[in-house]
Every structure is written in structure tokens, then in C-alpha cells.
Amino acid sequence: MSDVAGMPDWEKRFRAPRMGLPDWAEDAPQRSLYVSNVTGTFELYAWDRATGGRRQVTDRPNGTTDGLLTPDGAWVWWFSDTDGDEFGVWMRQPFGGGADEPAVPGLAPSYPAGIALGRDGTVVVGRSTDDEGSSVHVIRPGGEPVEIYRHQESAQAGDLSEDGTLLVVEHTEHGDAMHAALRVLTLDGTTVAELDDSEGGSRELGLLCLGFAPVAGDSRLLVAHQRRGRWQPMLWDVATGTETELAIDLPGEVTAEWFPHVDGAPDALLVEHTRHGRSELYRYELRADGGELTLIPTDPGSIGGATARPDGTVEYLWSSAALPSQVRSSAGGVVLEAAGFTAPASVPVEDVWVDGPGGPVHALVQRPVGEGPFPTLFEIHGGPAANDSDGFAAGPAAWVDHGFAVVRVNYRGSTGYGREWTDALKHRVGLIELEDISAVRDWAVSSGLADAGKLVLGGGSWGGYLTLLGLGVRPDDWAVGLAAVPVADYLTAYDDEMEQLKAVDRTLFGGSPQDVPERYRASSPLTYVESVKAPVYVSAGLNDPRCPIRQIDNYVDRLVALGKEHEVYRYDAGHGSFVVEERIKQLRLELAFAQKHVG
């Protein structure tokens, strides 16, 4: 990856070494764990800050990104699946190096559903399987796994209290997979406290566990709630039942984590505020008079994660659409960087607001050099509970380099614009998002940005799904479609996907395909395949548990039978790839397909 002579900028952005935000061990903060692509594949790395030594922990053909440190920093835990299928077991390796070994030998493979590691060696593991639903298991030092929770609906093991006596479980036993409730248990499975803003699934209000107070014996739990229409933090004392909503008067969505406790100092929270595709950080000191909020200066852009260190500094992963990511410190400077070249800069984004049928739609636009109208890629984000932001992304930057304008739309269903915006897609799945995308599409043409005859609709995962759906529902709007790891045949996708996603689909559609088959058919790209006019490019992972290959093959078979122009690329991985060269290959194929049809 170091030989970059003659390499185009768009490839350099993919191959440039990237460093993730380092995690650190609670009782050994000099020991850290991070993700990097320095070998060409995203893997886990251990970093001893005391000596400066770094070493690669994992080395697998399809990469590794899920890992954590034990509180004492002695072990690195990492999740081992098969070729990206997300189904596997936890492994562990000594921090200083050594052989991998099964971390919990008594537990069979599963999909991961949360994990918490205690100071005394106690481990809590959340699991999910298609046949058995969700379960939570406690493993004492030297003991066998003991199941303390099980339910057919989705659930996840959350945080352990500082003294290791209490555990939070985020669950959706009420059947609404988009709005979780919280249950606090002792480690024998006894319920201590319950908090359910959904009131048994009758209200669309969710809760998230953000972590117990970092003091032994302190029963306060930091929680995110949606009671005022957007995510905000509050304190819930699980021993007394007292709920304290925090006076953090910021207009966007807010999440938080505890600062490490320092004797004699007031408790404090690290607050991340996200609004309109950009982020900022604050320190919030908890005081009897309501607290004090202090801005932590950062450049305009996006925060890809932040953590408070024991010395009071904050480390955060920052980027903008124009500038590549860096691990920075509130004390100044770059915390962690790799040897090698830096990714070339790209162009900044412009904010656009377009009137849509459900209210103003926010879009982020990047323009190439020259005068429009331009061939234009509408790159649709996945999720759908996600959003596009003013952050660095090698894919959009590559299209700009090739003369395309790039438009990214935070359609209804996106996060960051309030609960009603996120929840609006329910029951008209896919179709309501397309209304917002179409509104921005019409603006792009009428404003002179986009060439109406050279519009490319593309995206991955949910974005791939919306691409195929859009090509069939509004076939005259698009010249080319590029769908990566999409939902293509919703009825078959439901049968084959992992159980957690079946629960999400039941929430979105108001039931299973057996309950509301007409809703699934109305939202399935396969229903509209005969109307497709644009050439279609489809890429798919052979081991994908989220958008399984059989339902994609069904759609491709219909394209073949109907004589529709298309190409399909299948690769040996799961829901995307952690291998840099594979990502470059896929983008090169997409660019070639689009250029073939729009010039």
C-alpha cells in the first residue's frame, strides 16, 4: 500500500492507512485497542501507550472489527465468524501476544447480542439464534455459562454496574424492535427494576442503555430517551426509581457517556450533539443546581466516536467531507496515526433543504470541477436508521473525481432529525423514502445541478433496496441503478435473514409476511421488476445474513427472464467487505457500468 506513484487519488483514499478510535482498559488506561486497515484489511491492533508499541492482534482473510479489552487490559476479546456471516464465537488473546483461545468454551456459535466484562473476571454474553431467539448468559471465573434471560424477541446484554452486581438488558419483548425497554437484573437473573417508555408497545418511545455510573455501589444508570421527540440523556437510579432528565438545551439529538470518576470532583458526562449531519462535543458537570455545559472545541464536521480519558482529556475521531479522518485530542494534536501517506482531500459538501411531502428534506451535495448540469449519483444510505453526514467517505469522493455530482439524502427513516422523522417510514416501507428522494431529485434537475438524462441511483444495504425499488416504482427518473447487498425480494428475504432483522421487519410492516402479505408485496422491488427501464448493476455477498443471496438471485433471474440489461457481481464475504482491494474492485466495476451508460 506504500507504492502510490501514479495511483489516482480515488484509489489513494481507499488505500491510505486509517486508524479507528482507540478503546482503553478501565484499570489499565495505557493499554488500548483499535481498528486499522494498514495491511489492506481491517483488523484489530493492540497499542501499549507506555512503550509506544503496537501489534496486530487478528489476521483473517475477511477482516475483523469487533473487539474489546478486559478491564485489567490483560486480554483482547474478539468475535470470530465465518467469512463475514456474523455467526460465530468470542475468542481471546493475551494483550502482549500469544495464541488465540475460545473465550467462552461452553457457548455454541450465535449472532452476537452484547457483551460485558467485569473486573473480577465475570463475563456476560448476549446471543441470538434463528431458532432460539435472544438469550443472556453469565460466566463466573472458572465456571460454566448460566442462562439468566431468554426471549423470542430481540434483546441485548448491556452494561454491568461498576461493582459487577447489576446488569442492564435492552429488550423488545413488547414486539416493537425499534423502541427498546430496559430491565435491570442481578446476575442470578432476578429483576431489580424495569423502565419501558413504550408502555408495553402502545407508544413509539424507546430507551437505550448508556452505562452505569463509574463508582462502585452507585446505582445510577445513564439512559437515552425520546420523551421530547429526540434522543436525550437522563439519569435513572435503579435502586430508588428516581428519573432525572438533564437540562441539556441543545437543538439536535444528544447522547452521552460518563467521564471516569475522579475523587473529589463532580460527576461529569461527555456529551455528543448531532444536528443536520454535523457533530460537536461538550462536557456536562452534574451539579445540584442542574449542571454546567461546556463546549469542547472541535472543527466543523462529524465525530465518528469519542471517549473521555482518566486525565480528563477527550479523544475523538473527526473528519469532514473534504478532509480525511484523524484521531484527535481535546488537548490538541493527533493521538494516533499510521506510517504512510495521507488520503487526498476531496471537495466539501453543500447543505440543501428541499420541500418534501413529509416536511423539509436535508441533502448533502458535492460538486465536481466545471459547470453543470452534471451526471449525478444519488448515493442512498443504508440503515434505514442511519444518516449521511459531513464526514469523509472515499466512495462519494471517487465519483466526484470522475466528474459526477453526488447527492446524499437524509430521507424519512434517517436518524438525527427527531423521532417522528425516523419512525415515519413504518407501514409504507420503502415507498415513503422514495418520495423524499424524488423531491430532491426534482430539485437537482430544476436547479441545474443534475443532467436529467444522466442520473444514477445507487446505494448499499437499505440504500441498495431503495435503489431497486426506485428503479421499478419511478422507472423514468433514472438512467442507471447500482444496488449493493440489497433487499430485492422482500418475501424471500424475510424467510432467510437473521432473526433480529425479522423482528425489525415485523415492526416496520406491522406483522410478518403471513400477517400482512400485501404490505410486503407493495414494498418489494421484485413486484415492480417488469417496469424497470434502466440498466441495473447488482453486487452481493455470498455469506450475507442481512440481505441473503437467494432473494437477490430471485430478482436477477427475473431480470434475465425479462431480458433487462444488467450485470451481477457475487463475492465471497458477508454484508460488505473489510478488504480494501475488494472495495476498490467493486467501486471500479460500478464506475465502469455507470460510465458505459451515461458517459
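Let's start just after helix α4. Gly-448 sits there, and its phi is positive, about 90 degrees. Keep in mind that this is a predicted model.

Now step back to α4 itself. The helix runs over residues 431-446, which is 16 residues. From first C-alpha to last, α4 reaches 23 Å.

Next, helix α2. How many of the eight residues of α2 are buried? Seven of them are, so α2 is largely enclosed by the rest of the structure. Here are the names: Ala-394, Gly-395, Pro-396, Ala-397, Ala-398, Trp-399 and Val-400. What covers the buried residues of α2? The cover includes two helices, α1 (9-15) and α10. It also includes the strands β30 (359-366), β31 (374-380), β32 (405-410) and β34 (480-484). Just after α2 comes Gly-403, another glycine with a positive phi, about 90 degrees.

Let's look at one of those partners, α10. Helix α2 covers residues 394-401, and α10 covers residues 580-598. Their axes come within 11 Å and cross at roughly 35 degrees. Is that crossing of α2 and α10 right-handed or left-handed? It is right-handed. On the α2 side, the residues that meet α10 are Gly-395, Ala-398 and Trp-399. On the α10 side, they are Leu-587, Glu-590, Leu-591 and Ala-594. By type, this contact has five nonpolar residues, one polar and one charged.

A word on the record. An unreviewed UniProt entry annotates residues 397-598 as "domain: Peptidase S9 prolyl oligopeptidase catalytic". Over residues 397-598, the chain is 47% helix and 17% strand. The end C-alpha atoms of that stretch are 19 Å apart.

Now the backbone. Most residues other than glycine have a negative phi, and most peptide bonds are trans. Let's go through some exceptions.

Cis peptide bonds come first. Gly-372 and Pro-373 are joined by one, with omega about 5 degrees. Pro-373 lies in the loop between β30 and β31. Gly-383 and Pro-384 are also joined by a cis bond, with omega about 0 degrees. Where is Pro-384? Look in the loop between β31 and α2.

Ser-461 has a phi near 65 degrees. Ser-461 lies in the loop between β33 (450-460) and α5 (462-473). Glu-199 has a positive phi too, near 50 degrees. Glu-199 belongs to the loop between β16 and β17.

Stay in that loop for one more residue. Ser-198 is there as well, between β16 (191-195) and β17 (207-212). Is Ser-198 buried or exposed? The relative accessible area of Ser-198 is 0%. Buried means under 20%, so Ser-198 counts as buried. Which residues is Ser-198 in contact with, leaving aside neighbours within four places in sequence? The contacts are His-174, Arg-203 and Leu-205.

To close, two things to find on the screen. One is α2, with seven of its eight residues buried. The other is Ser-198, in its loop between β16 and β17.

Conventions. Residues numbered from 1 in each chain as written. Predicted model: local features only at pLDDT ≥ 70, side-chain atom pairs only at ≥ 80, totals over all residues. Heavy atoms only, no water. Axes fitted to C-alpha atoms, helices over the stretch in contact; angles between N-to-C directions. Helix = DSSP H or I, 4+ residues; strand = E, 2+ residues; numbered from the N terminus. Left-handed = near helix turned anticlockwise from the far one by under 90°. Contact = heavy atoms within 4.5 Å. Nonpolar A, V, L, I, M, F, W, Y, C, P; charged D, E, K, R; others polar. UniProt positions renumbered as here; feature names shortened; annotations may be inferred. Expected span 1.5 Å × (residues − 1). Buried < 20%, exposed > 50% of the residue type's maximum accessible area, 1.4 Å probe, protein only.
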